[in-house]
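Please brief me on this chain. Cover the fold, the surface, the aromatic pairs and the backbone.

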Amino acid sequence: MGKVHPQALNSSTTCKQETFTLWMKSLVLNGKGCTVFDSNGQIAYRVDNYNCRHRDEVHLMDQNGDILFTMLKKQYKLSRFWEGYRFPVPGTRNDHKGPCFRVSKTYKISRGGSTYEVELGLDKNQPYTHKIERNTCNSACKISNELGVVVAELRRKKSPCGVDLGDDVFTMVVEPNIDLSLIMGLVVAYNLINCKI
(Lines give C-alpha, C1' and ligand atoms only; values in the text may rest on other atoms or scores of the structure.)
Protein backbone atom coordinates (compact mmCIF):
# COMPACT_ATOMS: atom_id res chain seq x y z
CA MET A 1 0.00 0.00 0.00
CA GLY A 2 1.38 3.44 -0.95
CA LYS A 3 2.00 6.21 1.52
CA VAL A 4 -0.50 9.04 1.73
CA HIS A 5 2.08 11.72 2.49
CA PRO A 6 4.50 12.98 -0.20
CA GLN A 7 8.14 12.10 -0.53
CA ALA A 8 10.57 14.46 1.17
CA LEU A 9 11.56 17.30 -1.11
CA ASN A 10 15.17 18.02 -1.88
CA SER A 11 16.56 21.33 -0.67
CA SER A 12 16.50 22.98 -4.11
CA THR A 13 12.69 22.78 -4.37
CA THR A 14 11.74 23.68 -0.78
CA CYS A 15 12.91 27.28 -1.20
CA LYS A 16 10.57 27.75 -4.17
CA GLN A 17 7.34 26.05 -3.17
CA GLU A 18 5.87 24.05 -0.33
CA THR A 19 4.00 20.81 -0.98
CA PHE A 20 1.36 19.32 1.29
CA THR A 21 -0.89 16.29 1.16
CA LEU A 22 -4.53 16.76 2.13
CA TRP A 23 -6.38 13.68 3.27
CA MET A 24 -10.08 14.49 3.47
CA LYS A 25 -10.56 12.29 6.54
CA SER A 26 -10.54 13.11 10.21
CA LEU A 27 -8.15 11.27 12.51
CA VAL A 28 -11.04 11.06 14.99
CA LEU A 29 -13.19 7.94 14.74
CA ASN A 30 -16.60 8.76 13.19
CA GLY A 31 -15.60 12.43 12.85
CA LYS A 32 -15.67 14.67 9.81
CA GLY A 33 -12.65 16.70 8.83
CA CYS A 34 -9.33 16.61 7.05
CA THR A 35 -5.67 16.08 7.87
CA VAL A 36 -2.82 17.93 6.16
CA PHE A 37 0.69 16.47 6.02
CA ASP A 38 3.85 18.40 5.19
CA SER A 39 6.51 17.12 2.79
CA ASN A 40 8.12 15.08 5.61
CA GLY A 41 4.88 13.22 6.36
CA GLN A 42 4.25 15.08 9.62
CA ILE A 43 0.82 16.50 10.46
CA ALA A 44 0.84 20.23 9.68
CA TYR A 45 -2.86 21.15 9.98
CA ARG A 46 -6.08 19.39 10.83
CA VAL A 47 -9.81 19.93 10.99
CA ASP A 48 -11.85 17.68 13.26
CA ASN A 49 -15.59 18.11 13.57
CA TYR A 50 -16.78 16.02 16.49
CA ASN A 51 -20.44 16.89 15.89
CA CYS A 52 -21.20 15.63 12.37
CA ARG A 53 -24.75 17.03 12.38
CA HIS A 54 -23.78 20.58 13.30
CA ARG A 55 -21.31 22.06 10.81
CA ASP A 56 -21.93 25.79 11.17
CA GLU A 57 -18.65 26.28 13.05
CA VAL A 58 -15.39 24.59 12.11
CA HIS A 59 -11.87 25.05 13.51
CA LEU A 60 -8.58 24.84 11.59
CA MET A 61 -5.86 23.65 13.98
CA ASP A 62 -2.10 23.29 13.79
CA GLN A 63 -0.24 20.06 14.57
CA ASN A 64 -0.52 20.70 18.33
CA GLY A 65 -4.30 21.19 18.24
CA ASP A 66 -4.08 24.97 18.70
CA ILE A 67 -6.87 26.76 16.80
CA LEU A 68 -5.63 29.02 13.99
CA PHE A 69 -8.95 29.94 12.38
CA THR A 70 -12.57 29.57 13.34
CA MET A 71 -14.84 29.38 10.30
CA LEU A 72 -18.50 30.26 10.60
CA LYS A 73 -21.24 29.52 8.10
CA LYS A 74 -23.24 32.65 7.26
CA GLN A 75 -26.26 33.41 5.14
CA TYR A 76 -27.45 36.67 3.65
CA LYS A 77 -30.75 36.45 1.79
CA LEU A 78 -30.24 33.51 -0.60
CA SER A 79 -26.44 33.45 -0.60
CA ARG A 80 -24.42 31.29 1.77
CA PHE A 81 -20.76 31.80 2.55
CA TRP A 82 -18.08 31.00 5.11
CA GLU A 83 -16.18 33.58 7.12
CA GLY A 84 -12.79 32.87 8.71
CA TYR A 85 -11.75 34.51 11.98
CA ARG A 86 -8.16 34.39 13.23
CA PHE A 87 -8.27 32.85 16.66
CA PRO A 88 -7.23 35.27 19.41
CA VAL A 89 -3.82 34.78 20.96
CA PRO A 90 -4.14 33.13 24.40
CA GLY A 91 -4.02 35.68 27.21
CA THR A 92 -5.65 38.47 25.19
CA ARG A 93 -9.25 39.59 25.18
CA ASN A 94 -11.50 37.26 23.25
CA ASP A 95 -12.52 40.14 21.01
CA HIS A 96 -12.96 39.47 17.29
CA LYS A 97 -12.12 42.37 14.98
CA GLY A 98 -14.27 40.83 12.32
CA PRO A 99 -13.64 38.14 9.75
CA CYS A 100 -10.21 37.82 8.19
CA PHE A 101 -11.71 36.33 5.02
CA ARG A 102 -14.99 35.40 3.36
CA VAL A 103 -15.43 32.68 0.72
CA SER A 104 -18.57 32.47 -1.40
CA LYS A 105 -19.52 30.64 -4.56
CA THR A 106 -20.32 32.81 -7.54
CA TYR A 107 -23.19 31.53 -9.61
CA LYS A 108 -21.95 32.18 -13.11
CA ILE A 109 -22.19 29.73 -15.93
CA SER A 110 -18.68 28.70 -16.93
CA ARG A 111 -17.19 25.94 -19.00
CA GLY A 112 -16.21 22.89 -16.99
CA GLY A 113 -15.92 24.51 -13.59
CA SER A 114 -17.06 27.02 -11.03
CA THR A 115 -15.62 30.12 -9.42
CA TYR A 116 -15.47 31.18 -5.79
CA GLU A 117 -14.89 34.73 -4.63
CA VAL A 118 -12.50 35.28 -1.73
CA GLU A 119 -12.47 38.55 0.17
CA LEU A 120 -9.38 39.07 2.33
CA GLY A 121 -8.20 41.79 4.72
CA LEU A 122 -11.67 42.35 6.13
CA ASP A 123 -10.35 42.51 9.70
CA LYS A 124 -7.98 45.37 8.78
CA ASN A 125 -10.47 47.38 6.67
CA GLN A 126 -8.18 46.86 3.67
CA PRO A 127 -10.17 44.43 1.56
CA TYR A 128 -8.69 42.78 -1.50
CA THR A 129 -9.79 39.73 -3.44
CA HIS A 130 -8.57 36.35 -4.49
CA LYS A 131 -10.34 33.81 -6.65
CA ILE A 132 -10.70 30.03 -6.39
CA GLU A 133 -11.33 28.31 -9.71
CA ARG A 134 -12.52 24.72 -9.71
CA ASN A 135 -12.26 22.32 -12.60
CA THR A 136 -15.15 19.87 -12.29
CA CYS A 137 -13.48 17.28 -14.53
CA ASN A 138 -10.67 16.40 -12.12
CA SER A 139 -11.60 18.04 -8.77
CA ALA A 140 -8.60 20.37 -9.04
CA CYS A 141 -8.67 23.99 -7.97
CA LYS A 142 -6.40 27.01 -8.15
CA ILE A 143 -6.25 30.01 -5.83
CA SER A 144 -5.27 33.21 -7.65
CA ASN A 145 -4.46 36.62 -6.21
CA GLU A 146 -5.99 39.92 -7.36
CA LEU A 147 -3.49 40.06 -10.26
CA GLY A 148 -4.47 36.60 -11.49
CA VAL A 149 -1.22 34.94 -10.32
CA VAL A 150 -1.74 31.41 -8.97
CA VAL A 151 -0.60 31.29 -5.32
CA ALA A 152 -1.77 27.73 -4.53
CA GLU A 153 -2.97 24.73 -6.47
CA LEU A 154 -4.86 21.66 -5.30
CA ARG A 155 -5.05 18.50 -7.41
CA ARG A 156 -5.65 14.80 -6.91
CA LYS A 157 -2.61 12.98 -5.59
CA LYS A 158 -1.08 10.30 -7.75
CA SER A 159 1.36 7.55 -6.88
CA PRO A 160 4.82 7.66 -8.49
CA CYS A 161 3.51 5.31 -11.21
CA GLY A 162 0.56 7.62 -11.99
CA VAL A 163 -2.31 5.90 -10.18
CA ASP A 164 -4.85 8.10 -8.35
CA LEU A 165 -4.70 7.56 -4.58
CA GLY A 166 -8.45 8.13 -4.29
CA ASP A 167 -11.10 10.83 -4.30
CA ASP A 168 -10.09 12.01 -0.84
CA VAL A 169 -6.31 12.49 -1.23
CA PHE A 170 -4.95 15.72 -2.75
CA THR A 171 -1.60 17.40 -3.33
CA MET A 172 -1.44 21.11 -2.55
CA VAL A 173 1.42 23.24 -3.86
CA VAL A 174 1.80 26.69 -2.30
CA GLU A 175 4.04 29.39 -3.73
CA PRO A 176 6.71 31.02 -1.52
CA ASN A 177 6.04 34.03 0.72
CA ILE A 178 2.37 33.10 1.21
CA ASP A 179 0.63 32.78 4.61
CA LEU A 180 0.20 29.00 4.75
CA SER A 181 -2.44 29.03 7.50
CA LEU A 182 -4.50 31.53 5.49
CA ILE A 183 -4.29 29.36 2.36
CA MET A 184 -5.35 26.37 4.47
CA GLY A 185 -8.28 28.39 5.82
CA LEU A 186 -9.37 29.19 2.26
CA VAL A 187 -9.05 25.54 1.21
CA VAL A 188 -11.11 24.42 4.22
CA ALA A 189 -13.84 27.01 3.48
CA TYR A 190 -13.86 25.95 -0.19
CA ASN A 191 -14.32 22.31 0.84
CA LEU A 192 -17.04 23.23 3.34
CA ILE A 193 -19.00 24.99 0.58
CA ASN A 194 -18.70 21.82 -1.50
CA CYS A 195 -19.67 19.59 1.47
CA LYS A 196 -16.33 17.72 1.40
CA ILE A 197 -15.67 18.16 5.14
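Along the sequence, the pattern reads α-β-β-β-β-β-β-β-β-β-β-β-β-α. That gives two helices and twelve strands. Helices (H or I, at least four residues) and strands (E, at least two) are DSSP runs, numbered from the N terminus. The model is predicted: local features need pLDDT of at least 70, side-chain atom pairs count only at pLDDT 80 or more, and totals for chains, interfaces and linings use all residues. Residues are numbered from 1 along each chain as its sequence is written, and side-chain values use heavy atoms, with hydrogens and water left out.

**Burial, surface and contacts**

- The chain has 197 residues, and 41% of them are buried. Buried means under 20% relative accessible area, exposed over 50%, and partly exposed in between (1.4 Å probe, protein chains only).
- The accessible surface of the chain is about 11,700 Å². Carbon and sulfur atoms account for 49% of that surface. Areas come from the Shrake-Rupley method with a 1.4 Å probe; for residues, only the protein chains shown count as cover.
- Take the contacts between residues at least 6 apart in sequence: 33% join residues at least 24 apart. A contact means heavy atoms within 4.5 Å.

**Aromatic pairs**

- Rings of Phe, Tyr and Trp (its six-membered ring) pair if their centres lie within 6.5 Å; planes under 30 degrees apart count as stacked, over 60 as edge-to-face and the rest as tilted. By this rule there are two aromatic pairs.
- F20 and Y45 form a tilted pair, at 6.4 Å centre to centre and 55 degrees between the planes. F20 sits in strand β1 (residues 18-23) and Y45 in strand β3 (residues 43-49), so this pair ties together parts 25 residues apart in sequence. Both F20 and Y45 are buried.
- F69 and F101 have ring centres 5.5 Å apart and planes at 65 degrees, so the pair is edge-to-face. F69 belongs to strand β5 (residues 67-76) and F101 to strand β7 (residues 101-106), so the pair links parts 32 residues apart in sequence.
- F69 is buried, with a relative accessible area of 0%. F101 also counts as buried, at 0% relative accessibility.

**Backbone: N177**

- Which value does phi of N177 take? Phi is near 60 degrees, a positive value in a residue other than glycine.
- N177 lies in the loop between β12 (169-174) and α2 (180-193).
- N177 is exposed, with a relative accessible area of 82%.
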